[in-house]
Amino acid sequence: MKRAITAVFSIELFKEIVKLTQLEVEYIPVPWVRAQALVAEQANSLLFTMARTTEREKLYTWVATIYRVNEGVFALKSRNDISVKALDDVHQYSIALPRADVSIKTLNIFPDHTQSVYIVEHQEQCIKMLNLGRVELNYNNDVGFFIAARMLGFTPDHFTQVFCYGTD
């Protein structure tokens, strides 16, 4: 269950929705890349709490917006030398991102690959790397980031959102 840390809020919300609908649901926590493959292969499967993008719009049948988050760039609060005024500014810094995450496209990482990008399996690894100072930035959302930081045993006020993208 450690790998599903950033989705804990989402899982609890999803369980409540399932209770209300009285559907029988099997919840299978898997890494994001595998979840996308499974949902493409298996009928009657569901992904939840996924960023809705133009590219993904045509791939899935969207049910509803459960909640909105503000995506952005996070850094250690002690790093007051980091300045991100626009998304392109992230290319000046080292950053950890989860494999196949929407952030890779949002930040225009490929094909213009930034030299200091670390692609890892899970968002939790990104937050750990940020906490240890192994990277300078992490792209995440304001809800998931701080929930995951707390669950990993980090003090949330140890971090700050240095750039907010897509504020609702």
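Select Arg 79 and Glu 136 to begin: their side chains meet in a salt bridge, with 3.1 Å from N to O. A salt bridge here is a side-chain nitrogen of Lys or Arg within 4 Å of a carboxyl oxygen of Asp or Glu. Arg 79 lies in the loop between β1 and β2, and Glu 136 in the loop between α5 and β4, so the pair ties together parts that are 57 residues apart in sequence. Helices (H or I, at least four residues) and strands (E, at least two) are DSSP runs, numbered from the N terminus.

The model on display is predicted: local features need pLDDT of at least 70, side-chain atom pairs count only at pLDDT 80 or more, and totals for chains, interfaces and linings use all residues. Residues are numbered from 1 along each chain as its sequence is written, and side-chain values use heavy atoms, with hydrogens and water left out.

**The remaining salt bridges**

Arg 79 is partly exposed, at a relative accessible area of 26%. In this description, buried means under 20% relative accessible area, exposed means over 50%, and partly exposed is in between (1.4 Å probe, protein chains only).

How many salt bridges does the structure hold? The count is 4. Next, select Arg 99 and Glu 121, which form a salt bridge with their closest N and O atoms 2.7 Å apart. Arg 99 belongs to the loop between β2 and α4 and Glu 121 to the loop between β3 and α5, so this pair ties together parts that are 22 residues apart in sequence. Arg 99 is partly exposed at 37% relative accessibility, and Glu 121 is likewise partly exposed at 34%.

Lys 19 is exposed at 58% relative accessibility, whereas Glu 16 is partly exposed at 41%.

**A buried charge**

Select Asp 89, in the loop between β1 (71–76) and β2. Asp 89 is buried yet has no salt bridge, and the nearest side chain of opposite charge, Lys 85, is 7.2 Å away. For charge, Lys and Arg count as positive and Asp and Glu as negative, while His and the chain ends are not counted. Which residues does Asp 89 touch, not counting residues up to four places away in sequence? Display Ser 83 and Val 84, which are its contacts on that basis; contact means heavy atoms within 4.5 Å.

**Helix α2 and its two sides**

Select residues 32–41, which form helix α2, and colour Ala 35, Gln 36 and Val 39, which are buried. Seen down the axis of α2, these buried residues fall within an arc of 100 degrees, so they line one face of the helix. The arc is that of the directions from the helix axis to the C-beta atoms. The buried residues of α2 pack against α3 (54–57).

On the other side of α2, Ala 40 and Glu 41 are exposed. Ala 40 has a relative accessibility of 68%. Display Leu 59 as well: Ala 40 and Leu 59 are 19 residues apart in sequence and 8.7 Å apart in space, C-alpha to C-alpha.

**Helix α5**

Select residues 123–132 for helix α5, where the buried residues are Gln 123, Glu 124, Cys 126, Ile 127, Met 129 and Leu 130. Against which elements do the buried residues of α5 pack? Their partners are β1, β2, β3 (117–120), β4 (137–141), α6 (142–151) and β5 (159–165). Just after α5, Gly 133 takes a positive phi of about 80 degrees.

Most residues other than glycine have a negative phi. Gln 22 is exposed at 71% relative accessibility.

Finish at Ala 100, in the loop between β2 (95–98) and α4 (102–106). Phi of Ala 100 is near 65 degrees, a positive value in a residue other than glycine. Ala 100 is partly exposed, with a relative accessible area of 33%.
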